[in-house]
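Trainee: I have a model open and want to learn how to read its features. Where do we begin?

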Amino acid sequence: MSSPTDILSTDILSAPKTSPAFAAEWAEWHAAHERHRADPHGFLAVSHLHWLDGTPQRLAGVPGTWSVTNDVVTVVLEAGESLRRDGRELNATDSGTSLSFGPIAERAGINLQAGSTAVGLETVVELAKRGGEYIVRPRDPRNPLLNEYRGTPAYEPDAAFAVEGRYVPFAEPRTTTVGAAVEGIQHVYEAPGEIRFSLDGRELSLTAFNGHAPGALSVLFTDATSGKTTYAANRSLTVVPAEDGSVLLDFNRAVNLPCAYTDLATCPLPPAENRLTVAIEAGEKIPYERQTP
């Protein structure tokens with residue numbers, strides 16, 4: 001385990017000024033992130049959030065009657081109802097059929113298509129498992145939240161908030177349970193270690209979860225700006241440690257999770273130890289959609 005003297009640090013008061021190159025690189029990254037967020041079938045296109053149980057039910061925005069029993073989802077399509085997977089029609093005879101999907105792993109899912117057959121105009125029907133429960137979320141490119149999206153405000157890039165730290169693996173990965181943006185469910189993650197760093201002269205640490213890409217870590221946190229200038233529930237930062245454990249935490253690239261924009265998201269909340277008391281005035285701010293007029 002590293003001692004405090006091993007931790008690489010950056011003090012805000014002595015940090016170098018932000019260079020034009022640093023600002024330009026951030027602007028390019030943020031523009032790409034905004035394009036990804038505004039994808040026609042991204043989370044801004046989610047129009048409904050349906051929770052499945054053993055009772056067959058019709059779902060708004062989705063064809064068929066849906067239910068789940070023993071980890072298997074059943075969808076009954078009537079004559080004339082269309083549901084496709086990878087472009088292949090599942091109601092092949094158009095006379096009605098019964099479909100089965102699953103089991104699906106936690107935080108995994110499959111995408112089906114409904115409605116228009118034109119590429120980019122179809123509704124993507126997301127079937128997924130969150131917090132041990134099955135959900136159905138139609139992603140409609142006509143959704144007003146997507147079509148009226150005008151970008152996300154963010155702090156101007158500041159090199160003082162790009163700090164070096166050190167990733168310290170735990171002796172064994174720690175199973176960590178956290179709450180969710182949706183009341184009543186929990187998320188369970190494996191935390192492989194923590195990231196130690198110094199900010200504004202204070203020694204801090206953040207528990208890290210495994211990220212989506214190989215070798216990447218995902219850090220969920222809040223800080224003294226949360227609920228004031230940044231979204232109250234959570235902020236997210238992706239980092240990639242080097243082989244020697246050194247890591248750059250560029251808080252200018254801290255982003256909002258889907259729950260910052262819509263109540264139809266099941267985003268995880270940060271673990272208690274990741275609720276920082278320092279103000280990190282960097283990264284994305286409260287979305288316009290959540291700001292009080």
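Mentor: Helices (H or I, at least four residues) and strands (E, at least two) are DSSP runs, numbered from the N terminus. Pro-103 sits in the loop between β8 (97-101) and β9 (109-114). Two ground rules follow. This is a predicted model, where local features need pLDDT of at least 70, side-chain atom pairs count only at pLDDT 80 or more, and totals for chains, interfaces and linings use all residues. Residues are numbered from 1 along each chain as its sequence is written, and side-chain values use heavy atoms, with hydrogens and water left out.

Trainee: How many helices and strands are there in the protein?

Mentor: The protein has two helices and 17 strands. Its C-alpha trace spans about 70 × 40 × 35 Å along the principal axes.

Trainee: What is the peptide bond from Gly-102 to Pro-103?

Mentor: General idea: most residues other than glycine have a negative phi, and most peptide bonds are trans. The bond from Gly-102 to Pro-103 is cis, with omega near 0 degrees. That loop between β8 and β9 also holds Arg-107. Phi of Arg-107 is near 65 degrees, a positive value in a residue other than glycine.

Trainee: Where is Asp-94, and what is its phi?

Mentor: Asp-94 is in the loop between β7 (88-89) and β8. Its phi is near 65 degrees, again positive in a residue other than glycine.

Trainee: Which residues touch the most other members in the largest nonpolar core?

Mentor: In soluble globular proteins, nonpolar side chains tend to be buried together. A nonpolar core is a set of buried Ala, Val, Leu, Ile, Met, Phe, Trp, Tyr and Cys residues joined through side-chain atoms within 4.5 Å. The largest one here has 22 residues, and Ile-195, Phe-197, Leu-249, Phe-251 and Ile-280 touch the most other members. Strands β12 (162-179), β13 (186-199), β14 (202-210), β15 (217-221), β16 (235-239) and β17 (246-250) each supply at least two residues of this core. Apart from it lies another core, of 20 residues, among them Leu-77, Leu-99, Ile-110 and Ala-114.

Trainee: What does Leu-249 touch?

Mentor: Contact means heavy atoms within 4.5 Å. Leaving out residues up to four places away in sequence, the partners of Leu-249 include Phe-161, Val-163, Ile-195, Phe-197, Leu-206 and Val-239.

Trainee: Is Glu-194 buried or exposed?

Mentor: Glu-194 is in strand β13. Its relative accessibility is 16%, so it counts as buried. Now apply one more term. A polar contact is a pair of N or O atoms within 3.5 Å; within protein, one must be able to donate a hydrogen and the other to accept it, and residues adjacent in sequence count only if both atoms are side-chain atoms. The side chain of Glu-194 makes one with the side chain of Arg-196, at 2.8 Å.

Trainee: What does the side chain of Gln-113 reach?

Mentor: The side chain of Gln-113 reaches the backbone nitrogen of Asp-86 at 3.3 Å. Gln-113 is found in strand β9. It has a relative accessible area of 12%, so it is buried.

Trainee: Where is Phe-43 found, and what does it touch?

Mentor: Phe-43 is in the loop between α1 (20-37) and β2 (50-51). It touches Arg-37, Arg-139, Pro-258 and Tyr-261, not counting residues up to four places away in sequence.

Notes. Buried < 20%, exposed > 50% of the residue type's maximum accessible area, 1.4 Å probe, protein only.
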